[in-house]
Amino acid sequence: VHRISGMWASGLDIILADPQNVQGYCNRFEFEHKSSSPNTPFPVSGRYTGWFDLNNETGTKTKIAEKDVTLKFRKNNAGYHNVEGKGSNAFGKYTITGTLTQALL
């Protein structure tokens, strides 16, 4: 099983403005890929399942299931991995872009 977890926000500017999430605008997420070959090196491009937390108006969080998530990883010249993907959830279809840093490998 390959697992990716971290923080998400509605925009990169929110994460960069508050990297320690003091204001609580960022939320947790997790994606999981069940590989048919346990020795496949991480990260693995392919289909993932997962969830993310969403802030409610009451201050609580709701876990939202992710469906049909496909992630593609490409090694970049900084030694990390660029991530591109797509998926869907209760709010509709979406795209994913980002960077998986070596610190997370």
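This is a predicted model: local features need pLDDT of at least 70, side-chain atom pairs count only at pLDDT 80 or more; totals for chains, interfaces and linings use all residues.

Residues are numbered from 1 along each chain as its sequence is written, and side-chain values use heavy atoms, with hydrogens and water left out.

The structure holds three aromatic pairs. Rings of Phe, Tyr and Trp (its six-membered ring) pair if their centres lie within 6.5 Å; planes under 30 degrees apart are stacked, over 60 edge-to-face, and the rest tilted. Trp 8 and Phe 52 have ring centres 5.2 Å apart and planes at 85°, so they meet edge-to-face. Trp 8 sits in strand E1 (residues 2-8) and Phe 52 in strand E3 (residues 46-55), so distant parts of the chain, 44 residues apart, are linked. Strands (E, at least two residues) are DSSP runs, numbered from the N terminus.

Tyr 48 and Phe 73 are also edge-to-face, because their planes stand at 65°, with centres 6.4 Å apart. Tyr 48 belongs to strand E3 and Phe 73 to strand E4 (residues 61-75), so this pair ties together parts 25 residues apart in sequence.

How buried are these residues? Buried means under 20% relative accessible area, exposed over 50%, partly exposed in between (1.4 Å probe, protein chains only).

| Residue | Relative accessible area | Class |
|---|---|---|
| Trp 8 | 27% | partly exposed |
| Phe 52 | 8% | buried |
| Tyr 48 | 3% | buried |
| Phe 73 | 12% | buried |

Lastly, Lys 63 lies over the face of Trp 51, 4.0 Å from the ring centre. A charge sits over a ring if NZ of Lys or CZ of Arg is within 6 Å of the ring centre and within 35 degrees of the ring normal.

Technical notes:
Helices (H or I, at least four residues) and strands (E, at least two) are DSSP runs, numbered from the N terminus.
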